[in-house]
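Subject: Model for you to look at

Hi,

Here is the structure I promised to send. Please open it alongside this note; my findings follow below.

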Amino acid sequence: MTEPEKKLSEHQRSKVNLLETSPFTAEGETIIKLKINGQEKTLAIEPRVTLLDALRETLGLTGSKKGCDHGQCGACTVLIDGQRVYSCLTLAIMQEDKEITTIEGLATGDNLHPVQTAFLENDGFQCGYCTSGQICAAVALLDEVKNGCVSYVTSDLNNPPTLSSLSESEIKERMSGNLCRCGAYNGIVAAVQQTIGQTPAEIEGRAENQ
Ligand code: FES
Ligand code: FES
């Protein structure tokens, strides 16, 4: 059981456990199975429940944050089948048979995902409220670039950037769906640069001044 799950109230936990063996639901609820961070979870929810609310309120996975709750801030970003999705804008019931990865599922045991490490080492956050969404978005960004996806600022659509050639403006554009009220943007860009093997501008400048 993960740490966040331990924090589930007794009531929520007994409800989730009960559903593993019982088909009964409250009026209006339906039973669904979600595969989250490699584990299958059974939950009874109303069909109108968003994935974000199912994660936070039903499963106790509170790493994904609710900022705007209508697709404008990116705090709720999770990965579904490897693609970044605002979990406040999709219904949980639509995600059966998909692989859902939240911030809680990125590390391997005590080993942080390289993007998580880079955020720590580059001050990619202040209050941390947007950070789980930022990190999930950055993880997806890596795969998007590897798969040859272009962005709004890609100058040659027939020649998409690679991880090693990804410019700062490309990183900013590709991370623009995630807002940071603290303005930790320089650290966020630097974290992405470190993850892809580039030297963040600030570190480069520091080295030149020595
Ligand atoms: S909470 Fe989902 S985009 Fe803001
Ligand atoms: S670190 Fe505070 S909102 Fe981004």
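Which residue just after helix 4 takes a positive phi? Asp-123 does, at about 50°.

Some ground rules. This is a predicted model, in which local features need pLDDT of at least 70, side-chain atom pairs count only at pLDDT 80 or more, and totals for chains, interfaces and linings use all residues. Residues are numbered from 1 along each chain as its sequence is written, while chains are lettered from A and ligands numbered from 1 in the order in which they are written.

Overall layout

The chain has 8 helices and 5 strands. These are DSSP runs, numbered from the N terminus: helices are H or I with at least four residues, strands are E with at least two. In sequence order the pattern reads α-α-β-β-α-β-β-β-α-α-α-α-α. Of the 210 residues, 39% count as buried. Buried means that 20 or more other C-beta atoms lie within 10 Å of the residue's own; exposed means 12 or fewer, partly exposed is in between, and C-beta atoms are placed from the backbone.

Five strands form an open sheet in the order 2-1-5-3-4, with mixed pairing. Strand 2 and strand 4 are at the edges with a single partner strand each, so one side of each has no neighbour in the sheet. The average twist is 40° from one strand to the next. Pairing requires that DSSP finds at least two bridges between two strands.

- Strand 1 and strand 5 (residues 99–101) run parallel, over 2 bridges. Ile-36 sits opposite Ile-100 in strand 5.
- Strand 3 and strand 5 are antiparallel, also paired over 2 bridges. Here Ile-80 stands opposite Ile-100.
- Strand 3 and strand 4 are antiparallel over 4 bridges. Thr-77 faces Tyr-86 in strand 4. Their hairpin has 2 residues between the strands, and Asp-81 takes a positive phi near 50° in it.

The core

The largest nonpolar core holds 47 residues. Such a core is a set of buried Ala, Val, Leu, Ile, Met, Phe, Trp, Tyr and Cys residues joined through C-beta atoms within 7 Å. Cys-136, Ala-138, Ala-191 and Val-192 touch the most other members. Elements that each supply at least two residues include strand 1 (30–36), helix 4 (114–121), helix 5 (131–146) and helix 7 (185–195). Helix 5 gives the most, with 8 residues. At least three residues come from each of domain 1 (3–105) and domain 2 (114–201). Those bounds are from an automatic or database domain assignment.

The helices

Start with helix 7. Of its 11 residues, 9 are buried, so the rest of the structure largely encloses it. Among the buried ones are Gly-187, Ile-188 and Val-189. Ala-191 is in contact with Val-115, Ala-118, Phe-119, Asn-122, Gly-124 and Ala-138, leaving aside neighbours within four places in sequence. Contact means C-beta atoms, placed from the backbone, within 7 Å. Just after helix 7, Gly-197 has a positive phi of about 85°.

Now helix 4. Val-115, Gln-116, Ala-118 and Phe-119 are its buried residues.

Best wishes

Definitions and conventions: Two residues are in contact if their C-beta atoms, placed from the backbone, lie within 7 Å. Axes are lines fitted to C-alpha atoms, for helices over the stretch in contact, and angles run from 0 to 180 degrees between N-to-C directions.
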